[in-house]
Amino acid sequence: MKDNKREILVELKNLNKHFKVGKNKVLKAVEDVNLNIYKGETLGLVGESGCGKTTCGRTVINLYKPTSGQVIYDGIDTKTLKSKEIRVFRKKVQMIFQDPYASLDPKMTIGDIIAEGIRVHFKGMSEKQIQERVTELLKTVGLNAEHSARFPRELSGGQRQRIGIARALAIEPDFIVCDEPISALDVSIQAQVVNLLIDLQKKKGLTYLFISHDLSMIKHISDRIGVMYLGSLVEISPSGSLYKKPLHPYTRALISAIPIPDPNVKSSDRIKLEGEIPSPIDAPEGCKFSTRCRYALDRCRKDRPSLVEVEPEHFVACHLFENGIKKGMDLL
Ligand code: SF4
């Protein structure tokens, strides 16, 4: 499907993912999320821990079944996939996990970890071809053939994350959910891994959903960024405009908290978020952010705002912007 000449790879329509908690409580991890991910782009998904971004990513690649709504991948609703088609789908989508150590089997060699998916999805390959492919993948992620015989415990955090990337690439996917892939790494290694992902995207035409709790981290890799709060998408925009002109009071607070290495920038410019994030089991009735928003009106506590496009491709869910971006900005 095409939208403004870009091809949509993933379409989320009114996506909900709820979990039963105890006898009669429901945790709404993802609530009524609508968004498109275009072929070849990186969509960043950001928000505090527990905001539903990982659940959203897992639901997109069918690790969780949606409670309701649709995940449409390349024009096909993933709910309608039969077992044979699920196998094909699993070859197209992959995930890179946050903790590279926990996601690698400590009893397997690096070579076997990378070869595992190749053996499942490329059944006709000889053992020699598989080993050649493993060596090629190790080189692609900046390691060498010698790493194949090692175990995960023998590698550094950065090297382990490279193995996570090589494992994801092994089955030649089109789409990768990168779930906080750099947050467990040293700052010095983070840029290397991000650059590797950007490089691979250019070479292989990959599409990424890049999940992070930190807006400063996803700035350099994302074409567009969606901001989640308590299971809902509250703002989505091309990343340039999100950093230059954040609209939603929650996004503004997150961006103001990014440290700026400039002695002329005062710490008073930082917007402090009041109060704790509410439980997703018992989210506020109207706007979910109303308990922490300094601009909250009576109406905000009753009516939940919908995501509306206030500038081309810039969507925000906040009552302040219902009469246009200018009026909204005057109220901030
Ligand atoms: Fe704040 Fe109201 Fe906007 Fe929610 S809708 S972010 S409470 S001003």
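Which residues point one way from β10, and which the other way? The points below answer this and cover some other features of the model, which is predicted.

1. Strand β10. Arg224, Gly226 and Met228 point one way from β10, while Ile225, Val227 and Tyr229 point the other way. In a regular strand, side chains alternate between the two faces of the sheet. Both sets in β10 are buried. Six of the six residues of β10 (residues 224-229) are buried, so the strand is largely enclosed by the rest of the structure.

2. Partners of β10. Strand β4 (residues 42-46) pairs with β10 in the parallel sense, over four bridges. In this pairing Val46 stands opposite Val227. Strand β11 (residues 232-238) runs antiparallel to β10 and is joined to it by six bridges. Here Arg224 is opposite Pro238.

3. The turn. β10 and β11 make a hairpin with two residues between them, and Leu230 in the turn has a positive phi of about 45°. Most residues other than glycine have a negative phi.

4. Other positive phi values. Asn62, in the loop between α1 (53-60) and β5 (68-73), has a phi near 70°. Asn62 is buried, with a relative accessible area of 5%. Glu172 lies in the loop between α5 (157-169) and β8 (175-179), and its phi is positive, about 55°. Glu172 is partly exposed, at 46% relative accessibility.

5. The ligand. The ligand is surrounded by 13 residues, and the closest are Cys287, Cys293, Cys300, Cys318 and His319. This shell has 10 nonpolar residues, three polar ones and no charged ones. The space that the ligand takes is the largest cavity.

Terms used:
Residues are numbered from 1 along each chain as its sequence is written. This is a predicted model: local features need pLDDT of at least 70, side-chain atom pairs count only at pLDDT 80 or more; totals for chains, interfaces and linings use all residues. Side-chain values use heavy atoms; hydrogens and water are left out. A residue is near a molecule or strand if one of its heavy atoms lies within 4 Å of it. On a 1 Å grid over the protein atoms alone, a cavity is a set of points where a 1.4 Å probe fits but cannot get out, and a pocket is an open set with protein on both sides within 12 Å along at least five of seven lines; lining residues have an atom within 4 Å of a point. A molecule sits in a cavity or pocket if more than half of its atoms lie within 2 Å of its grid points. Ala, Val, Leu, Ile, Met, Phe, Trp, Tyr, Cys and Pro count as nonpolar, Asp, Glu, Lys and Arg as charged, and the others, Gly among them, as polar. Buried means under 20% relative accessible area, exposed over 50%, partly exposed in between (1.4 Å probe, protein chains only). Two strands pair if DSSP finds at least two bridges between them.
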